[in-house]
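I opened my notebook for a first look at this one. Here is what I wanted to look up, in the order I got to it.

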Amino acid sequence: MPRLSVWMIRAALTHLGIGFLFGGLMLANKGVPFEPSLWRLLPVHIDLLLIGWLLQLAMGVAFWIAPRFSDRPRYGRAWLVWAAFILLNSGVLLNAWGDWSGTPVATFIGWCCILSAGLCFVIHLVPRIKPLAIT
Ligand code: HEM
C-alpha cells in the first residue's frame, strides 16, 4: 500500500474514533440528559464521520487500487493527492470548529477546502481511469 494511502486511512480512523466518541456522548445525553450543549456536537459528528471518515477512507483506498501506469510515476501526480489530504483534513477541522463555535466564516472556508480537496483528487484520478489495454 502506498505511504499516502496509509496516512489517509490512519487519519480516517482517527476521525472515526472521535466521531463515534461524540456520537456516544450525544446518545448518552439523549438517554439521561446531563449537558444540553452536547447537541452542538451533532454537525461536528456528521462532518467527522461523513467526510473525515467515509470520504477520506474511499479516497485513500482509491489512490491505492485504481489502475496504475506502466511507467513511473506509477500512481500519477501524487502531489495532487497529498494536497487533497491536507486540504480535506484542514477543511474538516475548520468546519467542525466553525460549527461548534458558531463561526460561519470558518465553516465556509472549511467547505471551500473540502471542495478543493475533492477537485484535486478527481484531477489526479481521471488519467488513471482508462479502458484495459489488451496487447
Ligand atoms: C459511520 C458512522 C456514522 C455516521 C456516518 C453517522 C452519521 C450521522 C448523521 C448524518 C446524523 C444526523 C441524522 C439526522 O439528523 O437525521 C447522525 C446523528 C446521530 N448520531 Fe451518528 N453516525 C455514525 C455513527 C454513530 C455512532 C456510532 C453513534 C453512537 C455511538 C452515533 C450517534 C448519533 C446520535 C446520538 C445522533 C443524533 C440523533 C438524533 O438526532 O436524535 N452515530 N449521525
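My entries below go from the overall fold to the helix pair and then to the ligand.

**Overall fold.** I kept in mind that this is a predicted model. I looked up the secondary structure and found four helices and zero strands. Read from the N terminus, the elements run α-α-α-α. I then checked the extent of the C-alpha trace, which spans about 65 × 30 × 20 Å along its principal axes.

**Burial and contacts.** The protein has 135 residues, and 29% of them count as buried. Next I looked at contacts with a separation of 6 or more: 68% of them join residues 24 or more positions apart.

**The pair α1 and α2.** How do the axes of α1 and α2 cross? I found that they come within 8 Å and cross at roughly 160 degrees. An angle over 145 degrees counts as roughly antiparallel, and α1 and α2 are therefore roughly antiparallel to each other. I also noted the handedness: α1 passes α2 in a left-handed crossing. Sorted by class, the contact between α1 and α2 has 19 nonpolar, eight polar and no charged residues.

**Around the ligand.** Which helices each supply at least two residues of the shell around the ligand? I found α1 (3–31) and α2 (42–65). I listed the residues that surround the ligand: Phe20, Gly23, Gly24, Met26, Leu27, Lys30, Leu42, His45, Ile46, Leu49, Leu50 and Trp53. By class, I noted eight nonpolar, three polar and one charged residues in this shell.

Technical notes: Residues numbered from 1 in each chain as written. Predicted model: local features only at pLDDT ≥ 70, side-chain atom pairs only at ≥ 80, totals over all residues. Near = placed C-beta within 6 Å. Nonpolar A, V, L, I, M, F, W, Y, C, P; charged D, E, K, R; others polar. Axes fitted to C-alpha atoms, helices over the stretch in contact; angles between N-to-C directions. Parallel < 35°, antiparallel > 145°, perpendicular 65-115°, else oblique. Left-handed = near helix turned anticlockwise from the far one by under 90°. Buried ≥ 20, exposed ≤ 12 C-beta atoms within 10 Å, placed from the backbone. Contact = placed C-beta atoms within 7 Å.
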